[in-house]
Structures are given as C-alpha cells and as structure tokens.
2 protein chains.
Amino acid sequence: MKNPTAAMLVIGDEILSGRTRDANMYYLAGEFTRIGVDLLEVRMVSDDAGAITSAVKALAAQYDTVVTSGGIGPTHDDITADCIAAAFGVKIGLRDDARDLLAAHYAAQGKEFNAARQRMARIPDGATLIDNPVSIAPGFTLENVHVMAGVPSVFKAMVASILPGLKGGAPLLSQNLRIHRGEGDIAGPLGALAEDFSDLSIGSYPFVQDGAYGANIVIRGQDGARVDAAMTRLAAEFAGDCA
Amino acid sequence: MKNPTAAMLVIGDEILSGRTRDANMYYLAGEFTRIGVDLLEVRMVSDDAGAITSAVKALAAQYDTVVTSGGIGPTHDDITADCIAAAFGVKIGLRDDARDLLAAHYAAQGKEFNAARQRMARIPDGATLIDNPVSIAPGFTLENVHVMAGVPSVFKAMVASILPGLKGGAPLLSQNLRIHRGEGDIAGPLGALAEDFSDLSIGSYPFVQDGAYGANIVIRGQDGARVDAAMTRLAAEFAGDCA
C-alpha cells in the first residue's frame with residue numbers, strides 16, 4: 001500500500017539569508033509522518049515571484065499534496081497568494097468572507113482595517129479558506145496546494161485546521177537502535193539486513209559522542225511484525241555495542 | 001553588481017521524516033551571506049537515486065555553485081556519490097588518493113579497512129577531494145557541485161575547506177529595526193520606503209510577543225550609505241514604537 005505523497009515549499013528571504021532558522025518544515029515533517037503522509041521533497045525559495053510560481057507548479061504536478069509557508073501577510077514582500085493564482089492561471093481578488101472575518105477582527109480590536117490589512121483578504125478564485133484561530137487572516141487551499149503563514153504559531157494552527165481533511169496512509173512504524181560502533185563496522189551486516197528486509201526502510205544516522213563514533217539505526221515500515229523481526233536480528237548482531 | 005548564486009541540496013530520509021532537524025542549511029546560509037554568495041534555493045530530498053540525481057542536474061544547471069549534504073558514508077543508504085556521477089554522466093570508482101588517506105587513518109586507529117569503509121573512497125572521475133579534518137573520509141567537488149557529509153561537525157569542516165576557493169561578491173550589509181506595531185500598521189509606510197529604495201531589499205518578519213504583534217524590519221544592500229538612509233527614515237517614522 002502506497003501512502004499519499006507530499007511536498008513543502010518554504011518561502012522567504014529570511015530563511016535563505018540565514019537570519020531565521022526555519023521551524024515549520026521540521027514541524028510539518030513530524031505531523032505528516034504521524035498520519036502516514038510521505039513528505040518526499042522540500043524546497044525553500046526567496047521572495048521572488050518567478051521562483052515561487054515555478055516551484056508551486058512543479059511540486060503541485062508531482063505530489064498529492066503541497067503545503068506552502070510564508071508570504072501571506074500585509075506587507076509589500078508578501079506575494080505568495082498572487083503567485084499561487086498565477087501558477088494555476090486563475091484570477092485573484094478581495095473576497096467577501098475573508099474581508100468580513102478581518103473587518104470584524106480589527107473592529108473588535110479598535111484597529112483600522114486599512115488597505116494593507118485588506119490585502120490579506122485577497123484570495124485566488126476557487127480557493128477555500130483555511131481557518132486561523134491565532135491571528136484570523138486566513139490561509140487557503142487551491143487544488144492540492146495549502147497556503148499557510150510563516151509565523152510558526154500561526155503555521156501550526158493552520159496545519160491543525162487542514163489535517164482532519166487530509167487522507168493519510170498507514171502510519172509508519174519506527175524502531176531505533178543506538179550502536180556504539182563506527183558506521184564502517186556496522187555497514188556490512190546492515191547491508192545484508194536491508195537486502196533481507198527489502199520491504200522496510202533501514203537508515204543509518206552516524207553521530208560522534210565524546211570523540212567516539214556511533215550510529216542510530218532506524219528501521220521503518222508499515223508491518224509491525226516485520227519491523228520487530230528486523231530489529232531483533234540487528235540487536236542480536238550488535239548485542240555488545242548498544243546503550 | 002550581481003553576486004554569485006548558490007543552491008543547496010539536503011539529502012536524507014531522516015530530515016523528511018522529522019526525525020532529525022536539519023542544521024546544515026542554516027549554517028551554510030549564514031556563511032554564504034557573510035562572503036557575499038546569494039543562496040537562492042534549497043531542496044531536501046529522500047535517499048532516492050532518481051530524486052537526488054534529478055535535483056542535482058536541475059540545480060547545477062541553474063546556479064553558479066551547489067552544495068550537497070548527506071549520503072556519503074559507508075552504509076547501504078549512502079548513494080550520493082553514485083548519483084552525482086550519474087547526474088554528470090561520468091564513471092565512479094575507487095580512487096587511490098582517497099583510499100590511501102582512509103587506509104592510513106584506520107591503520108592508525110587499529111580498525112579494519114573493510115569493504116564498507118572502502119566505499120568512502122569511491123569518487124566520480126574528474127572530481128577533486130574536499131579535505132575532512134574531522135573524520136578523514138573526503139567530500140569532493142565535481143564541476144560546480146560540492147558534495148559534503150551530513151554530520152554537522154563534518155559538514156562545517158568541509159564548508160571551511162571550500163570557502164577560500166569560492167568567489168564571493170560584495171557582502172550584504174544588513175540593518176534591523178524591531179517595531180512594536182502590527183504589520184498591518186507598518187505596511188503602508190514600508191511599501192512606500194521599498195519603492196523609494198528599490199535598490200535595497202526590505203523585508204518584514206512578523207512576531208508575536210506577550211500577545212502583542214510586532215515586526216522585525218530588515219534592510220539589506222551592498223551600499224552602506226543607502227542602507228543607512230533607508231533605516232534613518234524608517235526609524236523616524238516609527239520613533240515611538242521601537243524597542
């Protein structure tokens with residue numbers, strides 16, 4: 001059984017300049033793994049209309065689901081919504097339901113619903129809104145692309161809004177063994193294990209601890225009995241080297 | 001004056017599954033900004049030969065420099081070197097100088113230089129080695145692609161090895177103003193500023209602090225006097241709202 005596939009597009013100069021460390025990708029990766037959606041690719045691009053539009057087109061064509069983060073606020077560098085509309089060849093304009101949400105929100109706060117804030121109600125034709133309980137300004141879903149804010153607290157809230165509507169697959173079961181031997185010593189038996197359990201994903205993630213090499217071996221699969229069997233064999237082979 | 005452009009390819013299931021949070025992208029972004037290389041795109045793909053090869057081809061054709069991280073160790077899931085060779089249509093085989101480096105290293109440690117460890121001396125034809133003072137197994141440069149390890153301490157050491165050979169541009173000067181007003185209040189004056197200083201990059205990065213909205217405004221450019229002028233005007237416009 002194949003799981004649904006997904007990609008993520010992180011938008012923003014602040015990520016690529018090293019000013020801000022992205023947190024949304026790491027969060028989304030964990031959530032998708034939990035519900036059985038395979039995140040297969042992430043791209044990060046700057047606030048450049050051509051780069052955003054072509055990345056959205058490429059990812060939306062290749063994967064079941066695409067999530068974007070960043071560039072949907074009120075300032076001049078927030079151009080994501082226009083790029084999504086361009087990628088799908090649809091119009092974009094002020095939308096009544098989004099404008100009403102925002103108008104009520106700013107009225108309650110005694111803040112002016114000015115031209116900049118009205119920009120956040122510009123939504124591509126045919127999209128559905130994504131609820132934003134944190135700061136009200138909605139994200140949106142157009143075709144298979146979910147467009148969300150870059151501020152981590154808002155991004156998380158929007159992910160929570162779309163997850164119930166996403167079709168997940170079988171959650172990936174995962175077991176981990178920490179082996180205090182260099183990968184060079186582990187590689188032979190591990191390669192043989194990977195051949196015998198070709199239905200599982202077996203990864204080796206090296207580390208250095210107190211100057212000594214080791215590796216975390218992660219065995220993943222949808223069949224818990226198979227994961228158990230592979231892990232039992234691995235643990236027996238490295239019985240003396242595990243923490 | 002245009003700066004050299006760069007892209008990064010992060011390779012590894014552990015990143016996309018959310019098991020590990022990538023640190024190398026954030027590090028490389030900071031180093032490239034410091035020497036005036038514009039990191040314009042990052043892609044993250046899983047340990048899949050087709051995905052790695054096609055991403056390398058696409059990025060190497062589009063950017064001046066490409067850096068990859070991950071997948072060059074001794075285990076069965078380390079397939080990056082083969083994918084790079086495939087992307088450039090060159091052969092790959094055991095290379096004498098890389099093998100000698102590794103043989104001496106393992107001999108000194110009293111460890112067997114077995115078949116798995118010898119895999120790390122497989123280098124595509126025409127590549128030059130990248131020095132690895134941490135764990136010896138070298139990275140390599142083929143054409144405009146620098147292939148490095150995923151372990152952060154080794155990745156950093158390899159970045160240090162290649163930086164002196166990279167042609168940088170004018171370092172980007174950057175000034176930052178933290179404004180305690182919502183982006184919706186800032187957006188109007190900020191947009192006008194961005195129009196008047198179209199030679200600069202002006203970004204707005206919202207935050208929430210103690211329940212109140214604010215934004216960090218970052219002004220970047222190669223001409224320090226212009227950055228100063230734009231920042232002076234911005235600071236005057238929001239004199240009462242800055243920390």
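In which handedness of crossing does α2(B) pass α7(B), right-handed or left-handed? I looked this up to begin my notebook, and α2(B) passes α7(B) in a right-handed crossing. A crossing is left-handed if the near helix is turned anticlockwise from the far one by less than a right angle, and right-handed if clockwise.

**Ground rules**

I am reading a predicted model, where local features need pLDDT of at least 70, side-chain atom pairs count only at pLDDT 80 or more, and totals for chains, interfaces and linings use all residues. Residues are numbered from 1 along each chain as its sequence is written, while chains are lettered from A and ligands numbered from 1 in the order in which they are written.

My helices (H or I, at least four residues) and strands (E, at least two) are DSSP runs, numbered from the N terminus.

**Entry 1: α2 and α7 in chain B**

I stayed with helix α2 (residues 24–35) of chain B and helix α7 (residues 152–162) of chain B, whose axes come within 10 Å and cross at roughly 20 degrees. Axes are lines fitted to C-alpha atoms, for helices over the stretch in contact, and angles run from 0 to 180 degrees between N-to-C directions. α2(B) and α7(B) are therefore roughly parallel to each other. Angles under 35 degrees count as roughly parallel, over 145 as roughly antiparallel, 65 to 115 as roughly perpendicular and the rest as oblique.

I then listed who touches whom: B:Asn24, B:Tyr27, B:Leu28 and B:Glu31 come from α2(B), and B:Pro152, B:Phe155, B:Lys156 and B:Val159 from α7(B). Two residues are in contact if their C-beta atoms, placed from the backbone, lie within 7 Å. By class I find 5 nonpolar, 1 polar and 2 charged residues here. Ala, Val, Leu, Ile, Met, Phe, Trp, Tyr, Cys and Pro count as nonpolar, Asp, Glu, Lys and Arg as charged, and the others, Gly among them, as polar.

**Entry 2: where the chains meet**

Next I turned to the contact between the chains, which takes 47 residues from chain B and 47 residues from chain A. On the side of chain B, the elements giving two or more residues are α1 (13–16), α2, β2 (38–45), α6 (115–119), α8 (183–196) and β10 (201–209). Of these, α8(B) gives the most, with 8 residues. I noted 21 nonpolar, 17 polar and 9 charged residues on that side.

I also found strand β2 (residues 38–45) of chain A joined to β2(B) by 5 bridges, the two running antiparallel. Two strands pair if DSSP finds at least two bridges between them. A:Val42 stands opposite B:Met44 in that pairing.

**Entry 3: α3 and α4 in chain A**

I looked at α4(A) again, now with its helix neighbour. The axes of helix α3 (residues 49–62) and helix α4 (residues 80–88) of chain A come within 9 Å and cross at roughly 50 degrees. α3(A) and α4(A) are therefore oblique to each other, and their crossing is right-handed.

Chain A is divided into domain 1 (5–165) and domain 2 (173–241), with bounds that come from an automatic or database domain assignment. I read 38 Å between the two domain centres, taken over C-alpha atoms.
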